[in-house]
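Morning, everyone. Let me put the structure up, and then I'll walk you through it.

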Amino acid sequence: MISDLFEELESEVEKCISCGFCESVCPTLPAAGYDLWKGARGRVIMGKELLSAAKGNGTLNVSDSFYSCLDCHACLYVCPAGVNAGKVSHISKSIIAGDGIPGNQNPLARMIAMVTMHYMNPLGIGEKCAGWFTGMKADPDSTDLLYTGNMYQLMAYTDGMNRMRERMGKGMSKMMSSLIARFPGLIRLAPMKKDEATALKMDSTLSNIALLLRKSGISFNYLAEDEPYPGTFIYDLGYLDLFEQYARKVAKILRDSGARRIITVDPHTYDLLKNTYPKYVEGFDLEVVHYLDLIDGSSFSSGSESITYHEPCHFSLRQDAYNRPLETLRSVASVSLPPRSGRRTKCCGGPDELIFPELTHRVSQNRYDELRDTGAGKIVTACPICFSNLNKGPEVVEIGDYLASRLKN
Amino acid sequence: MDHLKGLSQILGSNLIIEREQKIPYMTDASYYQGDLPMAVALPDTPEQISKVMRYCQENSIPVVARGGGTALTGSSIPLKDMLVISLARFDRILEVHPEDRYAIVEPGVKLDSLNQHLEKFGFFYPPDPASSIAATVGGSISTNAGGLRASMYGTTKNWILGLEVVLPDGNLITTGGKVLKRTAGYDLTALMVGAEGTLGIITKAIVKIWPIVESKGRILAYYDSIEKVGSSISELKGKGITPLIAEFLDKITMHSLSQTRGLKFPEDANYMLIIDIASTKESIGRELNQAEEILKKFYPISTEITTDQEAMDRIYEARKGAYSSLLSERSSMSERVVIGDIVVPASELPNALRESEEKVKKYSLTVALFGHISDGNIHANIYADIADQDHMNRVESFQHDFAMIAIRHGGSVSAEHGVGLEKKELLKMELEETNNQHVMEIMRSIRKAFDPNGIMNRGKMFDQ
């Protein structure tokens, strides 16, 4: 209900005294050239404005303020009053998506939500996402389901999509997005260019994850072409009613596969299934784990190579910090963390990539520089989005690949 | 000529004119709400600021400079038709010279960021207002910010060696320099400190830096009465001990920190004293014990000593966020927190604190007291119901009486937050009560000498 969202928004923004502590950790503020409405405090202030506008006090064009939020929640951990500016953005996006404040819909966000609803994949390419598994065999009798959520596979298309939008220009891109939102089938006509090198890299990482599981004695099922995308975008972009329907469908597919335990491979899917699905899917009782929970530590050779680890927001800044990747890395290498780490980790910029690619580029360059400044020989990521955005040099490696390289013969 | 067009010719895309984008600039950390600015400039060079100031001077456009937007008196919010000049893009640390004890920094650098950088050299910049995570070098110079460590190191004015400033007419000047001593004419650097952007716009600062203390430890002491807190700190200082930090919190503040930060305090404690002692590794234990013995003379409910860095950081951060945490204790959504900020000589503290409590009772207000007790700085955080005029009148009367306590005890109506909009009347009162009206005339003359058209932060500090 949209009225519930307004209430929730009010109770969050009213806690704010506007001290500005949140601005000091918000990655988008400096990346946006310190344009305050694209920073954490600015978003809370705009949340108050949104409430006022909704009560009939004038019009408001506020969409970019909230859609530029990376939803990393770094602001929450420095706020003395416990205000979560990320939550303010999410509620506001949900109000916008639900037409609670007219004239603010983001056409691209709407297009992504509609295409995902139609194809169970944000780009309508679900059937192309199982290529990495060619030559491997699933175990249909296993109650363990390896669930990639198509996340690694989608990374090969983001650059191409952004280039296409650039070529079209803002106006045309908006028009096309609105059209595709109405007729999702049109997405298949778009010349969606795949980046072959990224695709190969991502396929190889997924193969290495499968290898790590097998080496640890885990036999798993995999839905291949039938694997649905988990709905992360629909939720993050604020289409909550659609997300509820979508999550139910996904949960049914997962359950019908005979799975009891879902093995996720990326932080977004892990967080969504573990923390959000239970709120939207009644009786969601599948066990959700990350593949590193199942990896046998004794299968690695230990070493003292100097590495740094970029902690993903959805592991470190959510309810329960998930530290298994860091613990695993510490068992095989000498890990030094950048100054922004743990509860103060800094986002790679990835969640903005489709809507504000330039902002993403600046945030990711900034984070990459911080990681490189640690002087470590390798920068290890544990998320396909983080990897894609931070992959600015040969020293950046995915945790699945890194751990596979440390397997004992 | 359309001023937006004129400014945009100077600033290009560094000028914000859309209504929604300008809205966040109407707010700082005070309870004041500013007006929608005519535009927001986000310059990235001093030359650009010079051109903007020249244009504003020629066209009588009032301007307000903005740092981290953490001011507590409304000094950084725009009033009618003002141009906001944000210094946020001046965010570089340019030079660090430990051997000469100075660093050169741009005004948009946040204080905590500066100290994180200086730590690599084994040095630090002592001024640490509670908002140091968000407050900037330029903003803290403009308000002569104090903070927790002012107990030992004094306020910002003690740490500024030189400045680069764009004057209201667009001229760029440098004041002071890279040396620790300098007596060459009027001290224009000192004049700029605490000027709240009324004399010019700071574009660079040469700040003094200091070696990080070798070792520190903390004493936490809990009391049932405020006089005991005041007497403890007076005795401590009287015995020659200068704490690195000496903070006190009252019960409301402690409760808000337990709500928002999960900190635990003894149930029967009405006041808490946080004392940090800095020393060498060899003598820190002895000095902590010595200080604790002095505190014990005033019958605290309990005391404890810690040198655990993590525990110390947790309390330090919680104390720094106390102002914001207090909002969790309000009784209605229309209540705001108005933070009072007075200073008295440390020896006057016991009486000043007692009198402050009496005034709280007199006006039937809810007021959370905390402050930097070692230098006599008391913050009275008043819960002000902006929807209730009678309540607001009582808040105003309390502010007046609270300021009078400071004046009567030989202190000041503003310790470290500046004047801004909030204390214009109180500043006048302080000068009148101390028979110093002529000082206001001198201040007006100085302002006029720098800014004859009165475009700099018009309406703040005092009326021209």
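Which order do the four strands of the open sheet in chain B take, and what is the pairing? The order is β1-β2-β4-β3, and the pairing is mixed. Pairing here needs at least two DSSP bridges between two strands. Helices (H or I, at least four residues) and strands (E, at least two) are DSSP runs, numbered from the N terminus.

Some ground rules. This is a predicted model: local features need pLDDT of at least 70, side-chain atom pairs count only at pLDDT 80 or more, and totals for chains, interfaces and linings use all residues. Residues are numbered from 1 along each chain as its sequence is written, while chains are lettered from A and ligands numbered from 1 in the order in which they are written.

Back to that sheet in chain B. Its edge strands are β1 (15-16) and β3 (63-66), and each pairs on one side only. β3(B) runs parallel to strand β4 (residues 83-86) of chain B, with four bridges joining them. One of the contacts to look for: B:Val63 has B:Leu83 in β4(B) as its bridge partner. Helix α1 (residues 3-11) of chain B packs on the sheet and touches β1 and β2 (39-41) of chain B. The direction of α1 makes about 15° with that of β2(B). Angles run from 0 to 180 degrees between N-to-C directions, and axes are lines fitted to C-alpha atoms, for helices over the stretch in contact. Contact means that C-beta atoms, placed from the backbone, lie within 7 Å.

Now the domains of chain B. There are domain 1 (3-88), domain 2 (93-211), domain 3 (215-324) and domain 4 (332-446). The bounds come from an automatic or database domain assignment. The C-alpha centres of domain 2 and domain 3 of chain B are 29 Å apart. Their contact takes five residues from domain 2 and nine residues from domain 3.

On to chain A. Chain A has 16 helices and eight strands. Its radius of gyration, taken over C-alpha atoms, is 21 Å, close to the 22 Å of the globule rule for 409 residues, so chain A is as compact as a globular protein of that length. That rule is 2.2 Å times the number of residues to the power 0.38. The C-alpha trace spans about 70 × 45 × 45 Å along its principal axes.

Next, a helix pair. Helix α7 (residues 151-182) and helix α8 (residues 196-215) of chain A pack at about 170°, with axes 8 Å apart. They are therefore roughly antiparallel, a label for angles over 145 degrees; under 35 is roughly parallel, 65 to 115 roughly perpendicular, and the rest oblique. In α7(A), A:Tyr152, A:Gln153, A:Met155 and A:Ala156 take part, and the residues they meet in α8(A) include A:Met202 and A:Leu206.

Chain A has an open sheet too. Four strands run in the order β6-β5-β7-β8, with parallel pairing. β6 (334-336) and β8 (396-398) stand at the edges with a single partner strand each, so one side of each has no neighbour in the sheet. Strand β7 (residues 378-381) of chain A pairs with β8(A) over three bridges. There, A:Val380 has A:Val397 as its bridge partner.

Last, where the chains meet. The contact takes 27 residues from chain A and 30 residues from chain B.

Technical notes
Two residues are in contact if their C-beta atoms, placed from the backbone, lie within 7 Å.
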